[in-house]
Amino acid sequence: MNIICCIKQVPSTDSVRFDREKGTLIREGVTSEINPYDLFALEAGVALKEQCGGELTVLTMGPPQAEEALREAISRGADNGVLLSDRAFAGSDTLATSYILAKAIEKLGTWDLVLCGKQTTDGDTAQVGPGLAQRLGVPCATCVESIELIEEGKVRINRRLEEGTYTLACQLPMVMTIEMGANSPRIPSLRGKMRAKKAEIPCLTAESIGVDQVKIGLNGSPTRVSSTYVPEFSGKHELLQGSPKEQVDALIGILREAGIL
Amino acid sequence: MQGGIWIVGEIRENNIDPVTFELLTKGRQLSEELGEELACIIIGPKVKGVEDELFRYGAKQVIVIEDEVLSPFCETLYGEIIAHYARDREPSIILAGATERAKAFMPVCATCLETGLTANCMDLSIDPDSKALLQTRPAYGGNLMATIVCKDRRPQMATVRSGVFKAVPLDENASGRVEELSIPDELRKNPFVLESFKPLEEAEDVPDYKGAEVVIAAGRGVAEPEQIKKLKELSQLLGGVLGATRPVTDMGLLPHHAQIGQTGQIVSPTLYMGFGISGAAPHTIGIQGTKIIVAINKDPDAPIFKFANYGIVGNAEEIIDCLLEELRTLRGGQA
Ligand SMILES: Cc1cc2nc3c(=O)[nH]c(=O)nc-3n(C[C@H](O)[C@H](O)[C@H](O)COP(=O)(O)OP(=O)(O)OC[C@H]3O[C@@H](n4cnc5c(N)ncnc54)[C@H](O)[C@@H]3O)c2cc1C
Ligand SMILES: Cc1cc2nc3c(=O)[nH]c(=O)nc-3n(C[C@H](O)[C@H](O)[C@H](O)COP(=O)(O)OP(=O)(O)OC[C@H]3O[C@@H](n4cnc5c(N)ncnc54)[C@H](O)[C@@H]3O)c2cc1C
């Protein structure tokens, strides 16, 4: 089974700081990591490949340094990595991103399954997976917890929605997004790290995948971020003083005033 | 006339998800501001019978797409069908709750229509000049709020978190038109075959977090069965509900539905009291609508104090014991 796993490099959660004044992300000192949700998609892909044979390719669209994310994914069990990088991709929203990823996937040759994370920790829309499926003209299933091969070209999946878990039989090819916590992502192995170091990572550009320029980047993105701000709470700020008993008494007074007691 | 505002209603097992009413209430306001009609579209294997309730929340028209092929849920199918009718009728706005289903079929639909989709909105308004829909949403785990517009393409599409708008019904007699649509043959295929369904074990009653006047929240600083038990009593004494941060629900000290925040419940009580909570953005985003925020944390530099109206720097356990004692006496005196 040929599997493609889409991963995104994101700022690591504990390194991001925000400028309250300007309402923007402070870029200095930001370190990057593989989107934590994507590790579950990657593990699902590696496990399935081990079971059924075939190849697992990781694909990412991002700046040149996103190559690191691909190497890390290889150290965690992927066979190959492909980078999609071009200035023309910058500013793509999810509609443009799914278009670019789909064009690249079509270029990569035959595949049976495309895996995505459930969402990212930065953009956090969860829209790329379903959008990508539509671009590729195949069905999508989100919130997938497990995948099992029934027979050639046919899988059984568990997907969890609000009310419970559905077990479904589905025909490949398709796109799935993997639920957080669906499995235990393995850590990079020593052999994996060696392979990752030596791996050749091809870089695809707008031209090499033959995208329509009007459908990519800022111009190809119908949504625009018109402003950003750091959320703040307004109103009174007061620290209650004294011994715990005095603090609690003050608190009781506040509850009374608010009509709760 | 083309145009109009569509709310995609969410009906699961004959229950309407309350986010549908919240969106209809907001939709009413948008419909007045834009002078466009408000419609509710309901789609699924068994959705008929709720039309009157939807009228009561302001829908002027209910579009019903009921068909067995819609079970099991398949986002590709739902998204393509909604896109099919949207192409034909050209609504200017399509909104849905940010439920698991809608978060999956709305991107399919937006891709079919080659338009923009804003995820997990926490506010919607109309730009007075351009009349465009201003869609405000959290990114970076709630550390940043972004206002998104879809300037040139229509429809403007968004999913909206539940709990951010209040549902207000109109009078009992509100009515409207019902229109039933059938699925075109070329779309009438479901690629999924249902083998089995296992309902959530937590079939126990989920408290009404959204409607709660008082929310007590437990953080990692009080993540022990003993403290959780005391906080449960405290929430009962105050007539409220007990919620938690993600580490606490991850540890299994409280059920998953008790998690408050970006990936959990959005609450807007009169009083929120957080014990041993640092105040990470993914959590605080869930309490933004609160009137009075009280935080108890032993670390004076904990970010939660930036949000709190009243703070207590100290050991949460001590405060809990003291508060419980006072409240027991108070309540005892009243009984
Ligand atoms: C503040 C802010 C708000 C935004 N709001 C919106 C919005 O409301 N609507 C909108 O359309 N766009 C929005 N964007 C743009 C959006 O973040 C980008 O399009 C981004 O490239 C993909 O979206 P995501 O991070 O939400 O991915 P998600 O859809 O959450 O990602 C799901 C999965 O898709 C795969 N994936 C995502 N991106 C890539 C990639 N670059 N390479 C490979 N695989 C990938 C991964 O498997 C990932 O786990 C916003 C951007 C910012 C900065
Ligand atoms: C994508 C994503 C989504 C998330 N969604 C959510 C969500 O929906 N909801 C959510 O809550 N989190 C969510 N999180 C996790 C979130 O980032 C934080 O990790 C979490 O909210 C922290 O919980 P906490 O405050 O209980 O724990 P900590 O951050 O560990 O804080 C514990 C606090 O307790 C204090 N303390 C310790 N002992 C005592 C004592 N005896 N008395 C008083 N104070 C004490 C400490 O000073 C500290 O400030 C999400 C994270 C990600 C990446």
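Predicted model: local features only at pLDDT ≥ 70, side-chain atom pairs only at ≥ 80, totals over all residues.
Leu115(A) is among the residues with the most contacts inside the largest nonpolar core. A second, separate core holds 44 residues, including Val241(B), Val248(B), Ala258(B) and Tyr272(B).

Helix H1 of chain A spans residues 36-52. Its 17 residues reach 25 Å from first C-alpha to last, close to the 24 Å expected. H1(A) is mostly covered, with 12 of its 17 residues buried. Just after H1(A), Gly53(A) adopts a positive phi of about 80 degrees.

The two chains meet through 69 residues of chain B and 64 residues of chain A. On chain B, helices H3 (75-89), H4 (100-112) and H9 (316-334) are among the elements that give two or more residues to this side. Strands contribute too, including S7 (117-121), S10 (144-150) and S13 (192-199). H4(B) gives the most, with 9 residues. The chain B side divides into 40 nonpolar, 15 polar and 14 charged residues.

Strand pairing also links the chains. Strand S14 of chain A (residues 223-229) is joined to S10(B) by 6 bridges, and the two run antiparallel. Within this pairing, Val225(A) has Ile148(B) as its bridge partner.

Definitions and conventions:
Residues numbered from 1 in each chain as written. Chains lettered and ligands numbered in written order. Contact = placed C-beta atoms within 7 Å. Helix = DSSP H or I, 4+ residues; strand = E, 2+ residues; numbered from the N terminus. Nonpolar A, V, L, I, M, F, W, Y, C, P; charged D, E, K, R; others polar. Pairing = 2+ DSSP bridges. Core = buried A, V, L, I, M, F, W, Y, C linked by C-beta atoms within 7 Å. Buried ≥ 20, exposed ≤ 12 C-beta atoms within 10 Å, placed from the backbone. Expected span 1.5 Å × (residues − 1).
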